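Please open the structure in your viewer and keep the selection panel within reach, as this tour goes from one selection to the next.

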Amino acid sequence: MLKLAEVFTDHMLIQRGKPVELQGTADPGQTVQVRLADQSRQTAASGDGTWHVVLDPFSASRALVLEVSAGSETISLNDVAVGDLFLAAGQSNMEYVLQNEAHFKEAQQLVQDMDLRVLYVPQVEYPEQPVSRKLEWKVLDKSNLANDSAVAVYALAEIKKHTDVPLGIVECYKGGTSASCWIGETALQSDPLIRNIFYDKYWNDICDQSEEQEDIKREQYVRIVAKYLDDVAAYQRMYPDRPMSWLKHDLGHTPWPGPKGKKDFGRPGGLHDMMFSRISRLKYKAVWWYQGEEDAKNASAYEPLLSLLIDSWRRELRDDLPFFLVQLPSYIEETYPETWPVIRQAQYEMSSKKTHTHILCTIDLGDSYNIHPTDKLQFGRRLGMLCLETLYGMDLGWQYARLKHFEKTGSGIVLVFEGIEEGGIVVHVDGKERNARIHDGRLHVPAPARTIAYAWQNNVDHVTWNENGLPLFPFRITV
């Protein structure tokens with residue numbers, strides 16, 4: 001029986017300018033014919049029934065029909081487009097859906113007639129889990145975008161304002177996940193540090209746990225979370241005007257994490273196998289990665305972990321793809337105090353050490369008491385603008401402010417910035433807060449000083465913006 005791989009459906013978007021790989025199954029030895037636009041390829045299904053063809057790169061186009069034939073069977077996929085496809089990945093803030101976002105009604109009007117394509121990857125947590133949703137492409141409109149990523153849709157819409165190329169996103173994310181969930185087990189075990197912290201420790205903690213014991217713990221956890229959510233709903237009905245900070249003070253945080261085990265979506269490598277592998281044969285324009293909150297517990301190891309993820313994904317996607325990292329915003333993290341600056345710095349380091357790796361600063365967009373800021377519009381806009389600058393070569397006069405380097409002088413230390421000429425700034429010199437001013441892109445700190453830091457807290461009190469309204473990246477230097 002002739003079949004196409006599950007990622008190929010009506011309304012799909014193919015990455016322009018790259019070879020198009022198509023796979024499927026047929027009867028062993030059967031001849032398979034593939035036609036798309038002016039290209040045609042023929043192959044024979046192998047002994048296990050699988051077949052694979054590669055078409056030459058296409059330029060941007062719309063309303064194509066893909067036909068695949070074998071014997072008397074023909075599969076036709078309609079409304080196929082060729083354009084730019086982005087992989088939106090990470091944890092809950094990338095997952096945060098439009099229907100819960102502050103600008104949902106505006107978003108419904110925004111996407112009309114934009115021809116934005118979306119493929120959502122169902123969140124399958126373990127092999128035996130029943131799956132009710134299949135992979136299926138759709139064209140966004142006001143009636144079907146409620147459960148799509150707010151950040152990704154806003155980013156795509158921003159890019160669309162400046163190009164007529166068909167655009168699409170593949171949504172592959174899951175809330176509460178460490179980056180280690182998205183890296184294959186072989187890669188995780190290849191690095192001794194990563195293996196020890198994120199792989200061996202996890203499985204050693206439950207080496208004697210039976211499947212029955214795990215199921216009992218999972219059932220107990222579901223009941224605990226359900227009660228907490230009922231308590232939250234009752235609290236919000238009783239006190240509708242109280243802020244999130246009061247709710248958390250009175251009820252505490254959401255019970256977390258769940259029990260470890262073979263069915264735990266947080267297990268190392270689990271979602272790599274259950275979700276990422278399903279869409280790893282597609283070609284992409286770039287990867288959008290918004291994650292890091294869950295790795296605060298191991299913040300000191302996040303830089304090598306993120307480096308491993310980027311390297312392993314590029315290897316599996318067979319492409320030195322650009323990565324766009326969303327740096328974590330402000331938040332009062334009480335469980336792991338002052339770890340978010342370490343995560344942010346690791347993200348920043350990747351943008352300077354890894355080729356084709358970019359980062360956007362969101363330090364000013366957080367919510368002190370809500371780890372999921374409900375206003376995602378600026379997150380998406382900044383991501384889209386960064387893509388326009390770096391991928392599409394558009395000079396929009398849009399540049400972040402950042403520390404370039406520092407110089408020792410006879411009277412102290414001079415910090416040299418780029419992307420900002422003038423502005424007030426609050427720095428911590430050897431832990432003591434000082435109000436200062438950037439002038440002509442430079443800041444003079446009188447001696448003596450051993451450490452100088454800006455915005456080096458989980459929750460930042462003072463942010464400096466440049467003339468374009470973009471924030472200065474956090475930094476901490478040792479003199």
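A crossing of two helices is called right-handed if the near helix is turned clockwise from the far one by less than a right angle, and left-handed if the near helix is turned anticlockwise. Please keep in mind throughout that this is a predicted model.

**First stop: helix 6 and helix 7**

Select residues 211-238, which form helix 6, together with residues 244-251, which form helix 7; the axes of these two helices come within 11 Å and cross at roughly 130 degrees. The crossing of helix 6 and helix 7 is right-handed. To see the contact itself, show the side chains of Tyr228, Asp231, Val232, Tyr235 and Gln236 on helix 6, and those of Trp246, Leu247, Asp250 and Leu251 on helix 7. Sorted by class, this contact between helix 6 and helix 7 holds six nonpolar residues, one polar residue and two charged ones.

Move on to Pro257, which sits in the loop between helix 7 and helix 8. The peptide bond to inspect here runs from Trp256 to Pro257, and this bond is cis, with omega near 0 degrees.

Now select Trp203, Glu214, Gly261, Lys262 and Lys263, which, among the 20 residues that line the second largest pocket, lie nearest its centre. The volume of this second largest pocket is about 360 Å³. Helix 6 and helix 8, the latter covering residues 270-274, are the elements that give two or more residues to the lining, and helix 8 gives the most, with three residues. By class, the lining of the second largest pocket is made up of seven nonpolar, five polar and eight charged residues.

How many cavities of 30 Å³ or more does the structure hold? There is one cavity of that size, and the space in this largest cavity comes to about 140 Å³. Select Phe8, Ile14, Val20, Leu282 and Lys283, which are the closest to the centre of the cavity out of the 15 residues that line it. The elements that give two or more residues to this lining are strand 2, at residues 13-15, and strand 3, at residues 20-25, with strand 2 giving the most, namely three residues. The lining of the largest cavity has 10 nonpolar residues, one polar residue and four charged residues.

Select residues 150-160 for helix 3 and residues 377-390 for helix 11, whose axes come within 7 Å and cross at roughly 45 degrees. These two helices, helix 3 and helix 11, are therefore oblique to each other, and helix 3 passes helix 11 in a right-handed crossing. On helix 3, show Val151, Tyr154, Ala155, Glu158 and Ile159; the residues that they meet on helix 11 include Leu377, Phe379, Arg381, Leu383, Met385 and Leu388. By class, the contact of helix 3 with helix 11 has 10 nonpolar, two polar and two charged residues.

**Last stops: two loops**

Select Asp113, in the loop between helix 2 (104-110) and strand 9 (116-120). Phi of Asp113 is near 65 degrees, a positive value in a residue other than glycine. Finally, go to Pro448, in the loop between strand 19 (442-446) and strand 20 (451-454), where the peptide bond from Ala447 to Pro448 is cis, with omega near -5 degrees.

Conventions:
Residues are numbered from 1 along each chain as its sequence is written. This is a predicted model: local features need pLDDT of at least 70, side-chain atom pairs count only at pLDDT 80 or more; totals for chains, interfaces and linings use all residues. Side-chain values use heavy atoms; hydrogens and water are left out. Axes are lines fitted to C-alpha atoms, for helices over the stretch in contact, and angles run from 0 to 180 degrees between N-to-C directions. Helices (H or I, at least four residues) and strands (E, at least two) are DSSP runs, numbered from the N terminus. Contact means heavy atoms within 4.5 Å. Ala, Val, Leu, Ile, Met, Phe, Trp, Tyr, Cys and Pro count as nonpolar, Asp, Glu, Lys and Arg as charged, and the others, Gly among them, as polar. Angles under 35 degrees count as roughly parallel, over 145 as roughly antiparallel, 65 to 115 as roughly perpendicular and the rest as oblique. On a 1 Å grid over the protein atoms alone, a cavity is a set of points where a 1.4 Å probe fits but cannot get out, and a pocket is an open set with protein on both sides within 12 Å along at least five of seven lines; lining residues have an atom within 4 Å of a point. Grid points are joined across faces, edges and corners, and a volume is the space filled by probe spheres set on the points.
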